[in-house]
Amino acid sequence: MPKVAVGGTFQYLHDGHARLIEKAFEIAGSGKVYIGLTSDEMLQKNHSVESYKIRRSRLLEYIKKMGVPEEKYEVTRLNDPCGPTIEEDFNHIIVSPETYPVALKINSIREKKGKKPLEIVYVEYVMAEDGIPISSTRISKGEIDRHGRLKKEA
């Protein structure tokens, strides 16, 4: 059974995040998805980010609305960019262009430890109406909403 890893801060849970999460469950099939959620201690964002507890609650609510049974996933706290993917056996890691370099680093470390590299599943950015990627930073600045719709100037 496939064991799939995906990670992130998941602030605002926007359409880009949704695509990553959906792809993780699609790849996992009858397996399990392990979602690493960035801890408050690890955050280094240039905008305010809600607490781990709030982000975790929203993430779990979102997955429940997707109709995914609880035994098909696990949300864990990420205290470093690699999380459990260095030591544990995973088959796949789902990444965005932003997190792709982390997956390469993980595979490099795994190979040095004699572990099988993870299959990297690359998910392209979801674009906003203006053709620029949806991001939590843009949402925080009030440029777009979670679905990439441009906010009207007041």
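Predicted model: local features only at pLDDT ≥ 70, side-chain atom pairs only at ≥ 80, totals over all residues.
Biologist: Why is T38 called buried?

Modeller: T38 has a relative accessibility of 6%, and since buried means under 20%, T38 counts as buried. The residue sits in strand β2, and, leaving aside neighbours within four places in sequence, T38 is in contact with G8, T9, L43, Y52, R55 and L78.

Biologist: What makes the pairing of the T38 and T9 side chains a polar contact?

Modeller: The side chains of T38 and T9 are joined at 3.4 Å, which is to be set against a cut-off of within 3.5 Å for a pair of N or O atoms, one able to donate a hydrogen and the other to accept it; the pair is accordingly listed as a polar contact.

Biologist: How do you know that the span of α1 agrees with what its residues should give?

Modeller: The expected span is 1.5 Å times one less than the number of residues, so the 14 residues of α1 should span 20 Å, and because its end C-alpha atoms are 20 Å apart, the two values agree. Just after α1, G29 takes a positive phi of about 55 degrees.

Biologist: Which residues of α1 are buried, and what covers them?

Modeller: Buried in α1 are G16, H17, A18, L20, I21, A24, F25 and A28, and their cover includes β1, β2, α2, β3, β4 and α4.

Biologist: Which residues have the most contacts inside the largest nonpolar core?

Modeller: That core has 21 residues, and those with the most contacts inside it are V33, I35, L59 and I94; its largest share, 5 residues, comes from α1.

Definitions and conventions
Residues numbered from 1 in each chain as written. Heavy atoms only, no water. Core = buried A, V, L, I, M, F, W, Y, C linked by side-chain atoms within 4.5 Å. Buried < 20%, exposed > 50% of the residue type's maximum accessible area, 1.4 Å probe, protein only. Helix = DSSP H or I, 4+ residues; strand = E, 2+ residues; numbered from the N terminus. Contact = heavy atoms within 4.5 Å.
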